[in-house]
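Here's a quick tour of a protein fold, written for someone meeting structures like this for the first time. Keep the picture open while you read, and look up each residue as it comes along.

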Amino acid sequence: MGRGEGAGPLHAFFVRIRARRGHQVAAVALARKLTVLRWHLLTKEQDYLWARPALVARKTRDMELRAGLPQKKGNRRGPAYAYNVKELREREADLARQAERSYEQFVARWKTQPPRTPPGPQDSARGSQ
């Protein structure tokens with residue numbers, strides 16, 4: 001996950017760019033998009049709209065354990081337990097796939113425009129005569 005492999009709007013973006021410009025350009029474009037997205041989320045102190053809560057809880061707990069936080073023993077289920085429930089994981093994955101389809105439909109309605117060409121030296125010379 002995370003490199004444009006999972007379902008969601010970022011995966012749809014990666015696939016769209018890869019089809020037009022190739023894998024390397026798509027990887028760089030996705031990296032830039034992720035960087036800008038993270039900057040906006042941090043500066044505006046918001047959560048990512050398409051995050052999968054159970055997956056986020058599982059990854060957060062894994063990081064806590066690697067950082068040295070104590071394991072929680074006992075009969076209480078932690079926040080990452082939801083990731084063990086297959087139905088919940090599948091429901092979150094379905095939501096991500098739905099978001100990907102919505103993004104693809106949104107992009108499909110865009111109208112492509114020819115690239116703009118900057119005025120060359122001949123164009124500026126003609127304008128002064």
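**What's in the middle**

The largest nonpolar core has nine residues, namely Ala12, Phe13, Phe14, Ile17, Ala26, Leu30, Leu34, Tyr103 and Val107. Helix H1 (9-21), helix H2 (23-43) and helix H4 (86-108) are the elements that each give two or more residues to this core. H1 supplies the largest share of the core, with four residues. Bear in mind that this is a predicted model.

**The overall layout**

- Take the contacts between residues at least 6 apart in sequence: 57% of them join residues at least 24 apart.

- In general, nonpolar side chains in soluble globular proteins tend to be buried together.
- Now look at how H1 meets H2: their axes come within 8 Å and cross at roughly 145 degrees. The crossing in which H1 passes H2 is right-handed.
- On the H1 side of this meeting you'll find Leu10, Phe13, Phe14, Ile17, Arg18 and Arg21. On the H2 side the residues are His23, Val25, Ala26, Ala27, Ala29, Leu30, Lys33, Leu34 and Leu37.
- Tyrosine 103 is one of the core residues. Leaving aside its neighbours within four places in sequence, tyrosine 103 is in contact with Pro9, Ala12, Phe13 and Arg16.

**Salt bridges**

- How many salt bridges does the structure hold? There are four, and here are some of them, including one in helix H3.
- Arginine 61 pairs with glutamate 64, and their closest N and O atoms are 2.9 Å apart. Both residues lie in helix H3 (residues 53-66), three residues apart, or about one turn of the helix.
- Are the two partners buried or exposed? Arginine 61 counts as buried, at 13% relative accessibility, whereas glutamate 64 counts as partly exposed, at 26%.
- Lysine 86 and glutamate 90 also form a salt bridge, at 4.0 Å from N to O. These two are about one helical turn from each other because they sit four residues apart in helix H4. Glutamate 90 has a relative accessible area of 40%, which means that it is partly exposed.
- Aspartate 94 and arginine 97 join their side chains in a salt bridge too, this time at 2.4 Å from N to O. Both are in helix H4, three residues apart, about one turn of the helix.
- Aspartate 94 is partly exposed, with a relative accessible area of 40%, and arginine 97 is partly exposed as well, at 36% relative accessibility.
- Here's a handy rule: an α-helix has 3.6 residues a turn, so residues three or four places apart point the same way.

**Spots worth a click**

- Glycine 22 follows H1, and its phi is positive, near 105 degrees.
- What is the phi of glutamate 45 near? The value is near 50 degrees, which is positive in a residue other than glycine.
- As a general point, most residues other than glycine have a negative phi.
- Glutamate 45 is found in the loop between H2 and H3. With 73% relative accessibility, glutamate 45 counts as exposed.
- Where is proline 53 placed? You'll find it in helix H3. Its relative accessible area is 55%, so proline 53 is exposed.
- Proline 53 and tyrosine 83 are 30 residues apart along the chain, and their C-alpha atoms are separated by 8.6 Å.

Definitions and conventions: Residues are numbered from 1 along each chain as its sequence is written. This is a predicted model: local features need pLDDT of at least 70, side-chain atom pairs count only at pLDDT 80 or more; totals for chains, interfaces and linings use all residues. Side-chain values use heavy atoms; hydrogens and water are left out. A nonpolar core is a set of buried Ala, Val, Leu, Ile, Met, Phe, Trp, Tyr and Cys residues joined through side-chain atoms within 4.5 Å. Buried means under 20% relative accessible area, exposed over 50%, partly exposed in between (1.4 Å probe, protein chains only). Contact means heavy atoms within 4.5 Å. Axes are lines fitted to C-alpha atoms, for helices over the stretch in contact, and angles run from 0 to 180 degrees between N-to-C directions. A crossing is left-handed if the near helix is turned anticlockwise from the far one by less than a right angle, and right-handed if clockwise.
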